[in-house]
Amino acid sequence: MTAIVSLRGLRKSYGVGTPVETEVLHGIDIELAEGEFCALIGPSGSGKSTLLNLIGLLERPTSGDLAIAGSETAGLKEQALTVLRGRHIGFVFQFHHLLPAFTALENVMMPSIIEQGVATADAEAISRDLLLRVGLKGHEHKKANQLSGGQQQRVAIARALSRSPRLILADEPTGNLDTHTADDIFALLREFNRERGSACLIVTHDPRLAARCDRRIELVDGRVAHVSSA
């Protein structure tokens, strides 16, 4: 299968060149295939969120090779990284990062508005359908801050899927939710993974959810400690 993510010897340090320089990722080798549904697990402070930020092109590694959808990223300028990220990657964060002054529908449409500079009829139709799929029909015109935590997370998922990304990155997407809502959110991600073939990499502390993934990658102290399959 084609790799949507390929990491080779990836390292990340903070405070580079200072007396407090600290390396938090120590030579990570990972591949994630197209259509794969994978959990990233490990104790707090093991480097999971840092790794997700590197894969999501929000930060640059200190050294090593990182390729997204076959494109090597080391030599790319910020604008090229932004284009690559917008074209291929959808994010779901633990804290939703919705724009409170905008409606649920406008938040889902925002990636398209940013890319195209205008709210198109096609983008609105896709966004309305996604809100229907995540169980938010009738909530389209509510402001983000009028929605419950679970509803806001559903909007965030719809937003992440609005550009049909080949890769979905989710950082503790169910961490602030009750068990029932967490199961619903996980099921939605799994459904889009199967229907659209989007690869998913999910950071989770929930062993129940991790066990339902195709593969589990465990990080300990900034290193891959164990990889297991379902």
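This is a predicted model: local features need pLDDT of at least 70, side-chain atom pairs count only at pLDDT 80 or more; totals for chains, interfaces and linings use all residues.
**View 1. An open sheet of 4 strands has the order β2-β1-β4-β5, with antiparallel pairing.** β2 (22-33) and β5 (71-72) stand at the edges with a single partner strand each, so one side of each has no neighbour in the sheet. Helices (H or I, at least four residues) and strands (E, at least two) are DSSP runs, numbered from the N terminus, and two strands pair if DSSP finds at least two bridges between them. Strand β4 (residues 63-68) is joined to β5 by 2 bridges.

**View 2. S6 has a residue opposite it in β2 and in β4.** In β2 the residue opposite S6 is E31, and β1 and β2 pair in the antiparallel sense over 9 bridges. In β4 the residue opposite S6 is A67, and the antiparallel pairing of β1 and β4 runs over 5 bridges. Helix α1 (residues 48-55) lies across β1 (3-14), β2 and β4, at about 120 degrees to β1; such angles run from 0 to 180 degrees between N-to-C directions, with axes fitted to C-alpha atoms, for helices over the stretch in contact, where contact means heavy atoms within 4.5 Å.

**View 3. Helix α2 (residues 78-88) has the buried residues L81, L84, R85 and H88.** Seen down the axis of α2, these buried residues fall within an arc of 100 degrees, so they line one face of the helix; the arc is that of the directions from the helix axis to the C-beta atoms. On the other side of α2, Q79 and R87 are exposed. Buried means under 20% relative accessible area and exposed over 50%, with partly exposed in between (1.4 Å probe, protein chains only). The cover over the buried residues of α2 includes β4, β5, β6 (89-93) and β7 (167-171).

**View 4. A second open sheet is formed by 6 strands in the order β6-β7-β8-β3-β9-β10, with mixed pairing.** β6 and β10 (223-229) stand at the edges, each with a single partner strand, so one side of each is left without a neighbour in the sheet.

Methods. Residues are numbered from 1 along each chain as its sequence is written. Side-chain values use heavy atoms; hydrogens and water are left out.
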